[in-house]
Amino acid sequence: MFAHRSLSRSALLRYIAAAQFHATSNCSGAKVAVVLSGCGVCDGTEIHEASARVPYYRGGAEVQMFAPDVSQMHVIDHGKGQPVEKESRNVLSESARIARGNITNLAKLNVSNHDAVIFPGGFGAAKNLSTFAIDGKDCKVNKEVERVLNDFHNAGKPIGLCCISPVLAAKVLPGVDVTVGHEEEEGGKWPYAGTTQAITALGAKHTVKEKNKVVTTPAFMCETKLHLIFDGIGAMVRDVLKLSGK
């Protein structure tokens, strides 16, 4: 009897959860491209940011993942935080780990097939999608990343950027407003606050708002609790889907 009651309660909870999910979905039908930069925060995509995809699906979006077919800048041992000597990895192949194999070469991303594009963070954005980690304001952006940003911007379609990835828009789209968090470290709460100076040097404006259909969230630029980071990413995704008009 006890087991039967427990099972019934479990089934009821699953039903309630499913009902809440469908009640909050707006079934937008937006087709969203997500651009990855590898697998792992130190040399690729920040996995938590890439996996915070529930808001896409809850919003009724169809998601397709892309990555450039290029070599990583280097490989980092994430346990030691040090580069691994004489090892090379491919960004597209590593990104396939996050996408569960369903990954497409970024060169095939066509703006006409998508309503929005989102770039999760992780140092891969500054190492593999650009040379920002080495060159700062004088960095170069991967040609396919630059093309995608320009294509979506010129088409008036929304662009979402997490964590460090707003530097890509700051370099490619002159005068764009982006945010990577606060401009002071505040006792270590914002350890990458210096990035804001580089964004200003690139000719962009560092702010906390959306403009030109570019939506940003600081994510792991702030030393805070994981659920707050997921909340910020969720808000960014909802804004992107809203701006897509779907």
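Visitor: Is L226 buried, partly exposed or exposed, and why?

Guide: Happy to start there, keeping in mind that this is a predicted model. L226 has 38% relative accessibility, so it counts as partly exposed. As for its place in the fold, L226 belongs to helix α10, which covers residues 226-243.

Visitor: Which residue is 178 residues apart from L226 along the chain, with what separation of C-alpha atoms?

Guide: That residue is H48: its C-alpha atom and that of L226 are separated by 8.7 Å.

Visitor: Let's turn to S165. Where does it lie, and is it buried or exposed?

Guide: Look at the loop that runs between β7 (159-162) and α8 (166-172); S165 is in it. Buried means under 20% relative accessible area, and S165 counts as buried because its value is 0%.

Visitor: What lies around S165?

Guide: A polar atom of the S165 side chain lies 2.6 Å from the backbone oxygen of C162. Beyond neighbours within four places in sequence, S165 is in contact with F119, P120 and A125.

Visitor: How do I read the side chains of a strand such as β10?

Guide: The general idea is that side chains in a regular strand alternate between the two faces of the sheet. In β10 (residues 214-217), V214 and T216 point one way, V215 and T217 point the other way, and all are buried.

Visitor: In what sense do β7 and β10 pair, and over how many bridges?

Guide: They pair in the parallel sense, over 4 bridges. In one of the bridges, G160 has V215 of β10 as its partner.

Note on methods:
Residues are numbered from 1 along each chain as its sequence is written. This is a predicted model: local features need pLDDT of at least 70, side-chain atom pairs count only at pLDDT 80 or more; totals for chains, interfaces and linings use all residues. Side-chain values use heavy atoms; hydrogens and water are left out. Helices (H or I, at least four residues) and strands (E, at least two) are DSSP runs, numbered from the N terminus. Buried means under 20% relative accessible area, exposed over 50%, partly exposed in between (1.4 Å probe, protein chains only). A polar contact is a pair of N or O atoms within 3.5 Å; within protein, one must be able to donate a hydrogen and the other to accept it, and residues adjacent in sequence count only if both atoms are side-chain atoms. Contact means heavy atoms within 4.5 Å. Two strands pair if DSSP finds at least two bridges between them.
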